[in-house]
Amino acid sequence: GRTLMGHSSAKDQQLEDHYFGSIPPRVTAFMKELEIECHKLGIPVKTRHNEVAPNQFELAPIFENCNLANDHNQLVMDLMKRIARKHHFAVLFHEKPYSGVNGSGKHNNWSLCTDTGVNLFAPGKNPKGNMLFLTFLVNVLMMVHKNQDLLRASIMSAGNSHRLGANEAPPAILSIFLGSQLSATLDEIVRQVTNSKMTPEEKTTLKLGIGRIPEILLDTTDRNRTSPF
């Protein structure tokens, strides 16, 4: 559902105070039943909290294989609608149902693994493992750079372009935020690698440097919402 005409809400999200408030009891009852029904269907979900817009809330399915996660995503939306009616709610999935407030959106957190479960985007514990990580990281950077027009075209519908009112993550801006640790690591590699042929000693030094990638903390890369990557 969405509104086509009418008066703006008397209170929207200017102060973002709804985000930091407690969940109303009616909503808590709805979300608890939703979580129980999800687990009955084998859908792993967690996270129950307010979102920025008034009467907007978040549910987070846990990471799964891509095909299974897609099926579960469809089931969760169906469950939401059916359970909401029991609690006298209406669930809106439109990306911009009202002017001036955030619409419905989904974070799509993804990774690549081998058939043996090796995460290709996790830094290794030795130079060889880190070389694998850096290889895939650099290829993703180049992929986004070369295919940015296609990536934007795949998400930039009229509604999605204004989902957040150009706040936090507008689709027109496509960038990659690596955090200070990874950025410093790549900057150091660029500094060491030149266009000329490297000597064996230089290659050894470079490998030793790659072997010292520090542990990456989640909060170093999780808050730049203008970067979809």
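**Note on the predicted model**

1. Among the elements of the protein, helix H1 has the highest mean pLDDT (96) and helix H7 (residues 200-210) the lowest (58). Here pLDDT is the predictor's confidence in each residue, from 0 to 100. Over the protein the mean pLDDT is 79, and 75% of the residues reach 70 or more.

2. This is a predicted model, in which local features need pLDDT of at least 70 and side-chain atom pairs count only at pLDDT 80 or more, while totals for chains, interfaces and linings use all residues. Residues are numbered from 1 along each chain as its sequence is written, and side-chain values use heavy atoms, with hydrogens and water left out.

3. The secondary structure comprises seven helices and two strands. Helices (H or I, at least four residues) and strands (E, at least two) are DSSP runs, numbered from the N terminus. Read from that end, the order of the elements is α-β-β-α-α-α-α-α-α.

4. Three aromatic pairs turn up in a search of the whole structure. The rings of Phe, Tyr and Trp (its six-membered ring) pair if their centres lie within 6.5 Å; planes under 30 degrees apart count as stacked, over 60 as edge-to-face and the rest as tilted. Phenylalanine 30 and phenylalanine 89 form an edge-to-face pair, because their ring centres are 6.0 Å apart and their planes stand at 70°. This pair links distant parts of the chain, 59 residues apart: phenylalanine 30 is in helix H1 (residues 25-40), and phenylalanine 89 is in the loop between helix H2 (66-86) and helix H3 (127-146).

5. Is each of these two residues buried or exposed? Buried means under 20% relative accessible area, exposed over 50%, and partly exposed in between (1.4 Å probe, protein chains only). Phenylalanine 30 is buried at 11%, and phenylalanine 89 is partly exposed at 27%.

6. The rings of phenylalanine 121 and phenylalanine 136 have centres 6.5 Å apart and planes at 90°, so this pair is edge-to-face. Phenylalanine 121 sits in the loop between H2 and H3 and phenylalanine 136 in helix H3, so the pair ties together parts 15 residues apart in sequence. Phenylalanine 136 is partly exposed, with 28% relative accessibility. Ring pairs also join Trp110, Phe121 and Phe136 into a cluster.

7. How many disulfides does the protein have? The count is zero, where a disulfide is a pair of cysteine sulfur atoms within 2.5 Å. Cysteine 38 is buried at 0% relative accessible area, whereas cysteine 113 is partly exposed at 43%.

8. Of the 229 residues of the protein, 26% count as buried.
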